[in-house]
Amino acid sequence: MGLFDKLKQFVSDDDQNYIEILAPISGDIVKIEDVPDVVFAEKIVGDGVAIKPTGNKIVAPLSGKIGKIFETNHAFAIESDDGIELFVHFGIDTVELKGEGFKRIAEEGQQVKAGDPIIEFDLAFLEGKAKSILTPVVISNMDSIHELIKLSGPVEEGKTPIMKVKK
């Protein structure tokens, strides 16, 4: 084994300690503190990032089991195969739209792979009706997370990492 093989092994071994959480929605990452809702901005329900959406669907940010999908289809919880509990919430005060603008694709209790579609939405309609379309993606079981690295920039749903987690 040459020096480069050893270096490559060292780097990739370190990377394997992190679990990547992919963007559930296309758009641009925004700091969670910038979300116009105290519950998210002050990390009351967990820590993470928000995304200013540009797409029209929300996908599973990691492989796991869908927990709760809200009746109004604007938010859902997912528990990863490695025990990370994530909460994805489209927009702020979108519950008041009573499901208008959202279409459920997945079901509660369904096993999904990262990138599988969960919810479709009408972005133009929601931009006109919602208080904010910023979409928080938070880890709700932060007590079991050792390290959280938040990424930034433009993201593509199901492809671009938004956070790296070490349990």
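Is lysine 57 buried, partly exposed or exposed, and at what relative accessibility? Lysine 57 counts as partly exposed, at 29% relative accessibility; buried means under 20% relative accessible area, exposed over 50%, and partly exposed in between, with a 1.4 Å probe and protein chains only.

## Basis

This is a predicted model, in which local features need pLDDT of at least 70 and side-chain atom pairs count only at pLDDT 80 or more, while totals for chains, interfaces and linings use all residues. Residues are numbered from 1 along each chain as its sequence is written, and side-chain values use heavy atoms, with hydrogens and water left out.

## Sheet

Strands E4, E10 and E8 form an open antiparallel sheet in the order E4-E10-E8. Strands are DSSP runs of E, at least two residues long, numbered from the N terminus, and two strands pair if DSSP finds at least two bridges between them. Strand E4 (57-59) and strand E8 (102-104) are the edges, each pairing on one side only.

E4 is joined to strand E10 (residues 117-121) by three bridges. Within E10, glutamate 120 is the bridge partner of lysine 57.

## Salt bridges

The whole structure contains seven salt bridges, each a side-chain nitrogen of Lys or Arg within 4 Å of a carboxyl oxygen of Asp or Glu. Lysine 57 forms one with glutamate 157, at 3.7 Å from N to O. This pair links strand E4 to the loop between strand E13 (154-155) and E14, 100 residues apart.

Glutamate 20 and lysine 164 also form a salt bridge, with their closest N and O atoms 3.9 Å apart. Glutamate 20 lies in strand E1 (residues 19-22) and lysine 164 in strand E14, so the pair ties together parts 144 residues apart in sequence. Glutamate 20 is partly exposed at 39% relative accessibility, and lysine 164 is partly exposed at 21%. A network of salt bridges links Glu33, Lys43, Asp47 and Lys150.

## Lysine 166

Lysine 166 is in strand E14 (residues 161-166). Lysine 166 is buried and has no salt bridge; glutamate 147, the nearest side chain of opposite charge, is 4.1 Å away. Leaving out residues up to four places away in sequence, lysine 166 touches Asn17, Tyr18, Ile145, His146 and Glu147, where contact means heavy atoms within 4.5 Å.

## Nonpolar cores

The largest nonpolar core has 36 residues, and Phe90 and Ile162 are among those with the most contacts inside it. Such a core is a set of buried Ala, Val, Leu, Ile, Met, Phe, Trp, Tyr and Cys residues joined through side-chain atoms within 4.5 Å. Another core, of ten residues, lies apart from it and includes Ile32, Ala50, Ile92 and Val138.

Technical notes
Helices (H or I, at least four residues) and strands (E, at least two) are DSSP runs, numbered from the N terminus. Lys and Arg count as positive and Asp and Glu as negative; His and the chain ends are not counted.
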